[in-house]
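Let's take a walk through this one, a stop at a time. Have the viewer open and follow along.

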Amino acid sequence: MEKPEILPKNLLHPIKIGSGATISGNIFLAPMAGFTDAAFRHICIEYGSDLCYTEMVSSEALARKSFKTKKILYKAENETNYAVQIFSSSWESAVASLKDIIDFKPLFIDLNCGCPVPKIMKSGAGSALMKNPDKIGEIVKALTEATDIPITVKLRSGLDSENINFMKAAEIAVKNHAAMVCLHPRTKTQGYSGKSDWLKIKELKNSIDVPVIGSGDLFEPQDCLNMLKETGCDGVMIARGAVGRPQIFKEVKFLAKTGVLPEISFEEKINAAINHLDLAEKYIGSEIAVKEMKKHLCSYIKGIKGGALIRNRIVHCNFMDEYKAILNELMK
């Protein structure tokens, strides 16, 4: 029988952000629009996520007092620490949005400089900021001057293969007092296709003095540990790998400590889906939860026998009880 791999003892550790904020561990849930609402963050925390990000919120919408946007900021009941991610095209709107954000006392505020969605790009936010790293610096500087809450940034490697400028963007952000940098080493043009270049995370870690968080292609627990070992980054941020599998946080930590994966039974997976349903209904009400949970439930049953037929049933459900009946059938 093959012996478990002996892993470095310091792979899992706390991270200090800025002058005072400390995160108890270094395995995070990434911000994902349409996914990382309070219900999903709640269940990821239950399974060991050390920090969760909100869905990215529009600073312009917050500045206009949009109640719908402000609701994205609401914490989960078990969420003592969390991070708010904003997207903004100007320092003025970013600062104007602080009043609502500060009320929720986030551990830090993250500026999205990587979203490749055309609607966000057209507004001058997200990956559009990579066209002008000086503007990233302006926004970070204005925010750090307006609040004591640490400001962080999430970058892509650049707009395309001909314009790789993450190092310049990171250096300008840190010069203007960004307390942490996360890098998803794909270009805006790549979107979520191709392979992320982890060597760029290592390059960044070796070049700046603030914590560096790695993101990209973290679908299995071993991927997370490999990124930590290969790049030397301070922490990892799991995105799509956690959808339908919140247990991944538990798996990463168990694997790091023992060298083997914990056994996650089929019943535990389905019970997590049922728990997620209940949480969604609690936080956003059944009418909205019915629509929002379709994508999550389709991910929870990925890989099981007869999954295509079950997914077809799920997408045609109109009531929460219908979802639960399907999931309870799977348990028999």
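Predicted model: local features only at pLDDT ≥ 70, side-chain atom pairs only at ≥ 80, totals over all residues.

Two packed helices are described by the angle between their axes and the distance between the axes. Here, α9 covers residues 198–205 and α10 covers residues 221–231, and their axes come within 9 Å and cross at roughly 45 degrees. As for handedness, the crossing of α9 and α10 is right-handed.

Now zoom in on who does the touching. On the α9 side you'll find Trp198, Ile201, Lys202 and Lys205, while α10 brings Asp223, Asn226, Met227, Glu230 and Thr231. Sorted by class, that contact of α9 with α10 has four charged residues, three nonpolar and two polar.

Stay on α10 and pick out Pro221, which lies in that helix. Its relative accessible area is 1%, so Pro221 counts as buried. What is Pro221 in contact with, leaving aside its neighbours within four places in sequence? The list is Arg245, Ile248, Glu251, Val252, Leu255 and Leu261. Val252 deserves a click: Pro221 and Val252 sit 31 residues apart in sequence, yet their C-alpha atoms are 4.6 Å apart in space.

That brings us to helix α11, residues 248–258, whose buried residues are Ile248, Phe249, Glu251, Val252, Lys253, Leu255 and Ala256. An α-helix has 3.6 residues a turn, so residues three or four places apart point the same way. The buried residues of α11 pack against α10, and also against β3 (27–29), α1 (38–46) and β11 (235–238). Just after α11 comes Gly259, with a positive phi of about 85 degrees.

Last stop: the cysteines. A disulfide is a covalent bond between the sulfur atoms of two cysteines. How many disulfides does the model have? The count comes to zero, with a disulfide taken as a pair of cysteine sulfur atoms within 2.5 Å. Take Cys298: the closest cysteine sulfur belongs to Cys317 and is 9.4 Å away, so it is too far for a bond. Looking from the other end, Cys317 is in no disulfide either, and its nearest cysteine sulfur is that of Cys298. Are these two buried or exposed? Cys298 has 16% relative accessibility, so it counts as buried. Cys317 is at 4% and therefore counts as buried too.

Key. Residues numbered from 1 in each chain as written. Heavy atoms only, no water. Axes fitted to C-alpha atoms, helices over the stretch in contact; angles between N-to-C directions. Helix = DSSP H or I, 4+ residues; strand = E, 2+ residues; numbered from the N terminus. Left-handed = near helix turned anticlockwise from the far one by under 90°. Contact = heavy atoms within 4.5 Å. Nonpolar A, V, L, I, M, F, W, Y, C, P; charged D, E, K, R; others polar. Buried < 20%, exposed > 50% of the residue type's maximum accessible area, 1.4 Å probe, protein only.
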